[in-house]
Amino acid sequence: MGPPTIVSAAFFGLRTDRDTRAYYSTLLNQLAPIYPGPVHVFTNDPGAFGHGIEVEKVDDLGPFMAEIWPDPDWEAKVRPLLGWHRRNHRLAQWRQPRLLLPWLAKPGLVRRAAERHGPVFWLDAGLLYSVDHGHSVPAVPVGYDEGLIYDRLLPALERAARSPVPTVATVDRKGGWHKAWRPTFHGLSWADMGQLARRCGTRPDASHTVGAAAYWPEGWPARVTDEGRDVWRKMLGMGRIGTEETVLSVLRWKHGWDGLSTQSWCRLMAPAPEE
(Lines give C-alpha, C1' and ligand atoms only; values in the text may rest on other atoms or scores of the structure.)
Protein backbone atom coordinates (compact mmCIF):
# COMPACT_ATOMS: atom_id res chain seq x y z
CA MET A 1 0.00 0.00 0.00
CA GLY A 2 1.35 3.41 -0.95
CA PRO A 3 1.33 6.67 0.99
CA PRO A 4 -2.10 7.83 2.15
CA THR A 5 -3.97 10.44 0.18
CA ILE A 6 -3.47 13.95 1.49
CA VAL A 7 -6.83 15.68 1.85
CA SER A 8 -7.32 19.40 2.28
CA ALA A 9 -9.86 22.15 1.63
CA ALA A 10 -9.67 25.68 0.25
CA PHE A 11 -12.82 27.77 0.26
CA PHE A 12 -12.19 31.29 -0.92
CA GLY A 13 -14.20 34.33 0.17
CA LEU A 14 -15.06 33.15 3.69
CA ARG A 15 -12.04 34.19 5.76
CA THR A 16 -11.80 37.83 4.74
CA ASP A 17 -9.03 38.64 7.24
CA ARG A 18 -6.47 36.60 5.29
CA ASP A 19 -4.95 36.67 1.81
CA THR A 20 -7.08 33.74 0.80
CA ARG A 21 -5.68 33.21 -2.69
CA ALA A 22 -2.13 32.67 -1.47
CA TYR A 23 -2.95 31.40 2.00
CA TYR A 24 -5.15 28.55 0.83
CA SER A 25 -3.50 27.54 -2.45
CA THR A 26 0.26 28.23 -2.53
CA LEU A 27 1.41 25.52 -0.13
CA LEU A 28 -0.82 22.84 -1.63
CA ASN A 29 0.37 23.63 -5.15
CA GLN A 30 3.96 23.42 -3.93
CA LEU A 31 3.34 20.16 -2.05
CA ALA A 32 1.60 18.13 -4.74
CA PRO A 33 4.65 17.58 -7.04
CA ILE A 34 6.89 16.38 -4.20
CA TYR A 35 4.47 14.16 -2.24
CA PRO A 36 4.58 10.55 -3.51
CA GLY A 37 0.85 9.97 -3.07
CA PRO A 38 -2.38 11.62 -4.25
CA VAL A 39 -3.46 15.08 -3.09
CA HIS A 40 -7.22 15.69 -2.96
CA VAL A 41 -8.55 19.22 -2.41
CA PHE A 42 -12.14 20.30 -1.85
CA THR A 43 -12.64 23.83 -3.12
CA ASN A 44 -15.10 26.34 -4.54
CA ASP A 45 -12.46 27.52 -7.05
CA PRO A 46 -10.76 24.68 -8.96
CA GLY A 47 -8.81 27.21 -11.02
CA ALA A 48 -6.64 28.01 -8.00
CA PHE A 49 -4.91 24.64 -8.24
CA GLY A 50 -2.47 23.19 -10.73
CA HIS A 51 -2.05 19.80 -12.34
CA GLY A 52 -1.33 16.92 -10.01
CA ILE A 53 -4.05 17.87 -7.53
CA GLU A 54 -7.32 15.98 -7.56
CA VAL A 55 -9.81 18.80 -7.21
CA GLU A 56 -13.39 18.28 -6.08
CA LYS A 57 -15.61 21.31 -6.53
CA VAL A 58 -18.01 21.99 -3.67
CA ASP A 59 -20.38 24.91 -4.06
CA ASP A 60 -22.41 24.34 -0.90
CA LEU A 61 -20.88 23.35 2.43
CA GLY A 62 -24.28 23.20 4.09
CA PRO A 63 -24.91 19.47 3.64
CA PHE A 64 -21.47 18.64 5.07
CA MET A 65 -21.98 20.94 8.05
CA ALA A 66 -25.42 19.39 8.64
CA GLU A 67 -23.72 16.10 9.44
CA ILE A 68 -22.69 17.75 12.71
CA TRP A 69 -25.30 20.50 13.15
CA PRO A 70 -28.49 19.67 11.23
CA ASP A 71 -30.27 22.97 11.89
CA PRO A 72 -31.26 25.20 8.95
CA ASP A 73 -31.42 28.20 11.30
CA TRP A 74 -27.93 27.66 12.71
CA GLU A 75 -26.49 31.02 11.65
CA ALA A 76 -28.94 33.02 13.75
CA LYS A 77 -27.95 31.02 16.86
CA VAL A 78 -24.17 31.50 16.79
CA ARG A 79 -23.96 34.89 18.50
CA PRO A 80 -26.66 34.22 21.11
CA LEU A 81 -24.81 31.07 22.14
CA LEU A 82 -21.43 32.82 22.21
CA GLY A 83 -22.87 35.80 24.06
CA TRP A 84 -22.73 34.18 27.49
CA HIS A 85 -19.37 35.98 28.00
CA ARG A 86 -18.17 39.27 26.54
CA ARG A 87 -14.70 37.85 25.82
CA ASN A 88 -16.29 35.80 23.07
CA HIS A 89 -16.94 39.00 21.12
CA ARG A 90 -13.25 38.85 20.16
CA LEU A 91 -13.65 35.55 18.32
CA ALA A 92 -13.55 35.31 14.55
CA GLN A 93 -16.84 33.41 14.53
CA TRP A 94 -18.49 36.24 16.46
CA ARG A 95 -17.47 38.66 13.73
CA GLN A 96 -18.15 36.16 10.94
CA PRO A 97 -20.61 33.45 12.05
CA ARG A 98 -20.39 31.81 8.62
CA LEU A 99 -16.87 30.67 9.46
CA LEU A 100 -18.56 27.76 11.19
CA LEU A 101 -19.47 26.46 7.72
CA PRO A 102 -15.97 25.27 6.71
CA TRP A 103 -15.06 24.34 10.27
CA LEU A 104 -18.05 22.10 10.91
CA ALA A 105 -18.03 20.81 7.34
CA LYS A 106 -14.49 19.46 7.78
CA PRO A 107 -15.48 16.10 9.36
CA GLY A 108 -17.93 15.47 6.53
CA LEU A 109 -15.35 16.36 3.90
CA VAL A 110 -12.87 13.96 5.49
CA ARG A 111 -15.52 11.25 5.50
CA ARG A 112 -16.27 11.87 1.80
CA ALA A 113 -12.58 11.58 0.92
CA ALA A 114 -12.12 8.48 3.07
CA GLU A 115 -15.00 6.73 1.34
CA ARG A 116 -13.06 7.14 -1.90
CA HIS A 117 -9.45 6.72 -0.77
CA GLY A 118 -9.48 4.70 2.45
CA PRO A 119 -7.07 5.99 5.13
CA VAL A 120 -6.30 9.67 4.58
CA PHE A 121 -3.97 12.33 5.93
CA TRP A 122 -5.79 15.62 6.50
CA LEU A 123 -3.61 18.70 6.12
CA ASP A 124 -4.84 22.26 6.58
CA ALA A 125 -4.02 24.29 3.48
CA GLY A 126 -2.18 26.98 5.44
CA LEU A 127 -0.56 24.85 8.16
CA LEU A 128 2.97 26.25 7.83
CA TYR A 129 1.66 29.79 7.67
CA SER A 130 -0.45 29.25 10.77
CA VAL A 131 2.22 27.61 12.92
CA ASP A 132 5.42 29.29 11.78
CA HIS A 133 4.35 32.69 10.45
CA GLY A 134 1.55 34.02 12.63
CA HIS A 135 -1.29 33.19 10.21
CA SER A 136 0.30 35.23 7.43
CA VAL A 137 1.99 34.56 4.10
CA PRO A 138 5.67 35.53 4.50
CA ALA A 139 7.39 37.78 1.98
CA VAL A 140 10.08 35.15 1.43
CA PRO A 141 8.42 32.00 0.04
CA VAL A 142 8.33 28.94 2.27
CA GLY A 143 7.19 25.43 1.54
CA TYR A 144 7.49 21.74 2.25
CA ASP A 145 10.76 19.85 1.87
CA GLU A 146 10.82 16.70 -0.25
CA GLY A 147 13.67 15.17 1.72
CA LEU A 148 11.89 15.64 5.03
CA ILE A 149 8.70 14.19 3.60
CA TYR A 150 10.54 10.97 2.78
CA ASP A 151 12.76 10.92 5.87
CA ARG A 152 10.24 12.00 8.51
CA LEU A 153 6.64 12.29 7.32
CA LEU A 154 6.25 8.96 5.54
CA PRO A 155 7.71 6.93 8.45
CA ALA A 156 5.44 8.83 10.85
CA LEU A 157 2.41 8.03 8.69
CA GLU A 158 3.48 4.39 8.56
CA ARG A 159 3.59 4.33 12.37
CA ALA A 160 0.18 6.00 12.51
CA ALA A 161 -1.20 3.36 10.15
CA ARG A 162 -0.21 0.65 12.62
CA SER A 163 -2.23 2.29 15.40
CA PRO A 164 -5.88 1.33 15.85
CA VAL A 165 -6.81 4.98 16.53
CA PRO A 166 -6.30 8.27 14.66
CA THR A 167 -3.21 10.42 15.15
CA VAL A 168 -4.27 14.05 15.42
CA ALA A 169 -2.76 17.47 16.11
CA THR A 170 -2.78 18.78 19.68
CA VAL A 171 -2.01 22.01 21.48
CA ASP A 172 -1.29 22.25 25.19
CA ARG A 173 -3.84 24.02 27.29
CA LYS A 174 -3.20 27.75 27.71
CA GLY A 175 -3.77 29.65 30.92
CA GLY A 176 -3.70 28.50 34.50
CA TRP A 177 -6.23 26.26 36.16
CA HIS A 178 -7.46 29.31 38.08
CA LYS A 179 -8.84 30.62 34.76
CA ALA A 180 -11.03 27.60 34.27
CA TRP A 181 -14.22 29.65 34.01
CA ARG A 182 -13.00 32.04 31.31
CA PRO A 183 -13.89 31.25 27.68
CA THR A 184 -10.52 30.22 26.25
CA PHE A 185 -11.62 27.19 24.24
CA HIS A 186 -13.31 28.42 21.04
CA GLY A 187 -16.00 30.12 23.11
CA LEU A 188 -16.14 27.58 25.94
CA SER A 189 -14.29 27.61 29.23
CA TRP A 190 -12.26 24.68 30.49
CA ALA A 191 -14.95 24.15 33.09
CA ASP A 192 -17.44 23.89 30.22
CA MET A 193 -15.22 21.40 28.45
CA GLY A 194 -14.96 19.32 31.59
CA GLN A 195 -18.73 19.27 31.93
CA LEU A 196 -19.14 18.38 28.25
CA ALA A 197 -16.58 15.60 28.56
CA ARG A 198 -18.45 14.12 31.53
CA ARG A 199 -21.72 14.26 29.60
CA CYS A 200 -19.97 12.28 26.87
CA GLY A 201 -18.57 9.71 29.27
CA THR A 202 -14.96 10.87 29.47
CA ARG A 203 -12.68 13.45 31.09
CA PRO A 204 -10.28 16.06 29.64
CA ASP A 205 -6.52 16.07 29.75
CA ALA A 206 -4.13 19.03 29.59
CA SER A 207 -4.31 19.54 25.82
CA HIS A 208 -6.92 20.02 23.15
CA THR A 209 -7.23 18.81 19.58
CA VAL A 210 -6.87 21.09 16.59
CA GLY A 211 -7.97 20.26 13.08
CA ALA A 212 -4.69 21.23 11.40
CA ALA A 213 -3.41 17.74 10.62
CA ALA A 214 -4.52 14.18 11.29
CA TYR A 215 -4.06 10.64 10.03
CA TRP A 216 -7.48 9.02 9.81
CA PRO A 217 -7.53 5.20 9.67
CA GLU A 218 -10.27 3.51 7.72
CA GLY A 219 -13.65 3.68 9.47
CA TRP A 220 -12.82 6.54 11.80
CA PRO A 221 -14.07 9.48 9.68
CA ALA A 222 -17.58 8.00 9.68
CA ARG A 223 -17.40 7.51 13.45
CA VAL A 224 -16.36 11.13 13.91
CA THR A 225 -19.39 12.46 12.08
CA ASP A 226 -21.76 10.04 13.83
CA GLU A 227 -20.39 10.58 17.34
CA GLY A 228 -19.58 14.23 16.70
CA ARG A 229 -23.22 15.01 16.10
CA ASP A 230 -24.04 13.75 19.58
CA VAL A 231 -21.20 15.76 21.16
CA TRP A 232 -22.47 18.89 19.41
CA ARG A 233 -26.03 18.24 20.57
CA LYS A 234 -24.90 17.87 24.17
CA MET A 235 -22.88 21.09 23.92
CA LEU A 236 -25.87 23.03 22.61
CA GLY A 237 -27.86 21.57 25.47
CA MET A 238 -25.44 23.31 27.84
CA GLY A 239 -26.11 26.64 26.14
CA ARG A 240 -22.62 26.67 24.64
CA ILE A 241 -21.12 26.56 21.15
CA GLY A 242 -17.65 25.72 19.90
CA THR A 243 -16.06 24.50 16.67
CA GLU A 244 -15.13 21.16 15.11
CA GLU A 245 -12.04 21.24 17.34
CA THR A 246 -14.28 21.19 20.40
CA VAL A 247 -15.85 18.00 19.10
CA LEU A 248 -12.52 16.45 18.14
CA SER A 249 -11.10 17.19 21.59
CA VAL A 250 -13.90 15.33 23.34
CA LEU A 251 -13.59 12.38 20.96
CA ARG A 252 -9.81 12.21 21.47
CA TRP A 253 -10.26 12.17 25.24
CA LYS A 254 -12.95 9.51 24.92
CA HIS A 255 -11.12 7.15 22.56
CA GLY A 256 -7.50 7.79 23.48
CA TRP A 257 -6.35 9.00 20.08
CA ASP A 258 -2.65 9.49 19.48
CA GLY A 259 -1.41 13.06 19.13
CA LEU A 260 1.44 15.21 17.84
CA SER A 261 1.76 18.93 18.40
CA THR A 262 1.12 21.17 15.42
CA GLN A 263 4.79 22.14 15.53
CA SER A 264 5.77 18.48 15.37
CA TRP A 265 3.60 17.93 12.30
CA CYS A 266 5.29 20.89 10.62
CA ARG A 267 8.77 19.61 11.40
CA LEU A 268 7.93 16.34 9.68
CA MET A 269 7.52 18.26 6.45
CA ALA A 270 9.48 21.52 6.64
CA PRO A 271 12.50 22.94 8.48
CA ALA A 272 11.94 25.35 11.32
CA PRO A 273 12.05 29.01 10.24
CA GLU A 274 15.39 29.62 11.93
CA GLU A 275 17.08 26.67 10.22
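Residues are numbered from 1 along each chain as its sequence is written, and because the model is predicted, local features need pLDDT of at least 70. Side-chain atom pairs count only at pLDDT 80 or more, while totals for chains, interfaces and linings use all residues, and side-chain values use heavy atoms, with hydrogens and water left out.

Helices and strands here are DSSP runs numbered from the N terminus (H or I over at least four residues for helices, E over at least two for strands). Helix α10 (residues 220–237) is a handy place to start. Its axis comes within 9 Å of that of helix α11 (residues 244–255), and the two cross at roughly 110°. Axes are lines fitted to C-alpha atoms, for helices over the stretch in contact, with angles from 0 to 180 degrees between N-to-C directions. On the α10 side, W220, R223, V224, E227, G228, V231, W232 and M235 make the contact, and they meet T246, V247, L248, V250, L251, K254 and H255 of α11. Contact here means heavy atoms within 4.5 Å. Sorted by class, this α10–α11 contact has nine nonpolar, three polar and three charged residues. In that scheme Ala, Val, Leu, Ile, Met, Phe, Trp, Tyr, Cys and Pro are nonpolar, Asp, Glu, Lys and Arg are charged, and the others, Gly among them, are polar.

Helix α10 also packs on α6, with axes that come within 8 Å and cross at roughly 155°. That angle makes α6 roughly antiparallel to α10, and the crossing is left-handed. L104, P107, G108, V110, R111 and A114 of α6 touch P221, A222, V224, T225 and W232 of α10. The tally for the α6–α10 contact is eight nonpolar, two polar and one charged.

Helix α11 has a further partner in helix α9 (residues 190–199): the axes come within 10 Å and cross at roughly 55°, which makes α9 oblique to α11. This crossing is right-handed. W190, M193, L196 and A197 of α9 meet T246, S249, V250 and W253 of α11, giving six nonpolar, two polar and no charged residues.

Now for the empty space. Rolling a probe the size of a water molecule over the atoms shows where such space is left. On a 1 Å grid over the protein atoms alone, a cavity is a set of points where a 1.4 Å probe fits but cannot get out, a pocket is an open set with protein on both sides within 12 Å along at least five of seven lines, and lining residues have an atom within 4 Å of a point. Grid points are joined across faces, edges and corners, and a volume is the space filled by probe spheres set on the points.

The whole structure has one cavity of 30 Å³ or more. The largest cavity holds about 110 Å³ and is lined by 14 residues, with K106, P107, V110, W216 and L248 nearest its centre. Elements giving two or more residues to this lining are α6 (100–117), β8 (207–216) and α10, and β8 gives the most, six. The cavity lining has eleven nonpolar, two polar and one charged residues.

The largest pocket has a volume of about 1,300 Å³. Of its 45 lining residues, R15, R18, H135, H186 and E245 are closest to the centre. The lining divides into 22 nonpolar, 13 polar and ten charged residues. The second largest pocket, at about 270 Å³, is lined by residues including M1, H117, L154 and Y215. Helix α8 (residues 146–162) supplies the largest share of that lining, four residues.

Definitions and conventions. Angles under 35 degrees count as roughly parallel, over 145 as roughly antiparallel, 65 to 115 as roughly perpendicular and the rest as oblique. A crossing is left-handed if the near helix is turned anticlockwise from the far one by less than a right angle, and right-handed if clockwise.
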